[in-house]
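Student: Pick one spot in this model and walk me through it closely, please. I'd like to know what surrounds it, and then how the nearby packing is put together.

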Amino acid sequence: MKKLKATLMALLLLVGTTVSAVNLPKDEKDPTTSEELSELLKSPDFIVEKKQIAHVKFMLNEEHEIVVVSVKTDDAHVDSYVKNRLNYHKINANLEEGKVYSFNFVLVSEN
(Lines give C-alpha, C1' and ligand atoms only; values in the text may rest on other atoms or scores of the structure.)
Protein backbone atom coordinates (compact mmCIF):
# COMPACT_ATOMS: atom_id res chain seq x y z
CA MET A 1 0.00 0.00 0.00
CA LYS A 2 2.87 2.39 0.84
CA LYS A 3 4.53 1.63 -2.51
CA LEU A 4 1.28 2.39 -4.33
CA LYS A 5 0.89 5.74 -2.52
CA ALA A 6 4.53 6.66 -3.19
CA THR A 7 4.26 5.73 -6.86
CA LEU A 8 1.01 7.63 -7.23
CA MET A 9 2.53 10.72 -5.54
CA ALA A 10 5.60 10.58 -7.82
CA LEU A 11 3.36 10.29 -10.87
CA LEU A 12 1.26 13.28 -9.76
CA LEU A 13 4.39 15.38 -9.20
CA LEU A 14 5.75 14.39 -12.61
CA VAL A 15 2.50 15.26 -14.41
CA GLY A 16 2.08 18.49 -12.42
CA THR A 17 5.54 19.81 -13.20
CA THR A 18 5.29 18.78 -16.85
CA VAL A 19 1.96 20.56 -17.33
CA SER A 20 3.15 23.72 -15.59
CA ALA A 21 6.33 23.84 -17.70
CA VAL A 22 4.47 23.87 -21.02
CA ASN A 23 4.58 27.25 -22.78
CA LEU A 24 1.66 27.69 -25.11
CA PRO A 25 2.60 29.76 -28.17
CA LYS A 26 0.92 33.14 -28.46
CA ASP A 27 -1.77 33.16 -31.11
CA GLU A 28 -0.18 35.01 -34.04
CA LYS A 29 -3.61 36.07 -35.30
CA ASP A 30 -4.52 37.92 -32.08
CA PRO A 31 -2.32 41.01 -31.84
CA THR A 32 -2.60 43.31 -28.86
CA THR A 33 -4.25 46.69 -29.13
CA SER A 34 -0.93 48.53 -28.89
CA GLU A 35 0.54 46.38 -31.69
CA GLU A 36 -2.42 47.13 -33.94
CA LEU A 37 -2.27 50.87 -33.20
CA SER A 38 1.50 50.91 -33.72
CA GLU A 39 1.09 49.22 -37.08
CA LEU A 40 -1.49 51.78 -38.19
CA LEU A 41 0.65 54.72 -37.04
CA LYS A 42 4.05 53.64 -38.34
CA SER A 43 5.91 55.45 -41.15
CA PRO A 44 4.59 59.01 -41.06
CA ASP A 45 4.36 60.78 -44.41
CA PHE A 46 6.11 63.91 -43.16
CA ILE A 47 9.53 64.77 -41.75
CA VAL A 48 9.74 64.66 -37.97
CA GLU A 49 12.18 67.39 -36.95
CA LYS A 50 11.83 67.03 -33.19
CA LYS A 51 10.17 64.68 -30.74
CA GLN A 52 6.38 65.06 -30.86
CA ILE A 53 3.95 63.72 -28.25
CA ALA A 54 0.22 63.37 -28.78
CA HIS A 55 -2.37 62.25 -26.25
CA VAL A 56 -5.01 60.34 -28.23
CA LYS A 57 -8.51 59.43 -27.06
CA PHE A 58 -10.57 56.99 -29.12
CA MET A 59 -13.50 54.62 -28.94
CA LEU A 60 -14.89 51.78 -31.02
CA ASN A 61 -18.19 51.95 -32.90
CA GLU A 62 -20.60 49.05 -33.54
CA GLU A 63 -18.54 47.83 -36.51
CA HIS A 64 -15.41 47.65 -34.28
CA GLU A 65 -13.89 50.62 -36.08
CA ILE A 66 -11.75 53.24 -34.34
CA VAL A 67 -13.34 56.66 -33.89
CA VAL A 68 -10.80 59.27 -32.75
CA VAL A 69 -12.39 61.47 -30.08
CA SER A 70 -9.47 63.88 -29.61
CA VAL A 71 -5.77 64.37 -30.28
CA LYS A 72 -3.95 66.74 -27.96
CA THR A 73 -0.71 67.91 -29.56
CA ASP A 74 1.08 71.13 -30.43
CA ASP A 75 1.60 70.13 -34.07
CA ALA A 76 -1.27 70.25 -36.58
CA HIS A 77 0.53 67.72 -38.82
CA VAL A 78 0.55 65.16 -36.01
CA ASP A 79 -3.12 65.80 -35.25
CA SER A 80 -4.10 65.27 -38.88
CA TYR A 81 -1.81 62.26 -39.26
CA VAL A 82 -3.26 60.42 -36.26
CA LYS A 83 -6.86 61.11 -37.29
CA ASN A 84 -6.27 60.06 -40.91
CA ARG A 85 -4.45 56.87 -39.95
CA LEU A 86 -6.85 55.71 -37.22
CA ASN A 87 -10.37 56.93 -37.98
CA TYR A 88 -12.68 54.15 -39.19
CA HIS A 89 -10.02 51.45 -39.34
CA LYS A 90 -11.20 48.10 -38.02
CA ILE A 91 -9.17 46.44 -35.28
CA ASN A 92 -9.35 42.98 -33.74
CA ALA A 93 -8.70 44.13 -30.18
CA ASN A 94 -11.06 42.95 -27.50
CA LEU A 95 -12.26 46.40 -26.43
CA GLU A 96 -15.69 47.53 -25.31
CA GLU A 97 -17.74 49.50 -27.85
CA GLY A 98 -18.52 53.08 -26.85
CA LYS A 99 -15.94 53.24 -24.06
CA VAL A 100 -13.27 55.94 -24.42
CA TYR A 101 -9.68 54.69 -24.38
CA SER A 102 -6.51 56.76 -24.45
CA PHE A 103 -2.82 56.37 -25.24
CA ASN A 104 0.22 58.55 -25.79
CA PHE A 105 1.73 58.59 -29.27
CA VAL A 106 5.37 59.62 -29.60
CA LEU A 107 7.06 60.55 -32.85
CA VAL A 108 10.83 60.72 -32.75
CA SER A 109 13.17 62.28 -35.31
CA GLU A 110 15.26 59.74 -37.23
CA ASN A 111 18.38 61.92 -36.85
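**A close look at Glu 65**

Tutor: Leaving out residues up to four places away in sequence, Glu 65 touches Met 59, Leu 60, Tyr 88, His 89 and Lys 90, where contact means heavy atoms within 4.5 Å. Keep in mind that this is a predicted model, with local features needing pLDDT of at least 70 and side-chain atom pairs pLDDT 80 or more, while totals for chains, interfaces and linings use all residues. Numbering runs from 1 along each chain as its sequence is written, and side-chain values use heavy atoms, without hydrogens or water.

Glu 65 sits in the loop between strand 1 (52–60) and strand 2 (66–72); strands are DSSP E runs of at least two residues, helices H or I runs of at least four, numbered from the N terminus. Glu 65 is buried but has no salt bridge, and Lys 90, its nearest side chain of opposite charge, is 5.1 Å away. Buried is under 20% relative accessible area with a 1.4 Å probe, protein chains only. A salt bridge needs a Lys or Arg side-chain nitrogen within 4 Å of an Asp or Glu carboxyl oxygen; Lys and Arg count as positive, Asp and Glu as negative, with His and chain ends not counted.

Now the packing. The largest nonpolar core has 22 residues, and Val 56, Ile 66, Val 82, Leu 86, Phe 103 and Phe 105 touch the most other members. Helix 2 (33–41), strand 1, strand 2, helix 3 and strand 3 each supply at least two of its residues. Such a core joins buried Ala, Val, Leu, Ile, Met, Phe, Trp, Tyr and Cys through side-chain atoms within 4.5 Å. Beyond its neighbours within four places in sequence, Val 56 contacts residues including Val 68, Val 82, Leu 86 and Phe 103.

Key: Buried means under 20% relative accessible area, exposed over 50%, partly exposed in between (1.4 Å probe, protein chains only).
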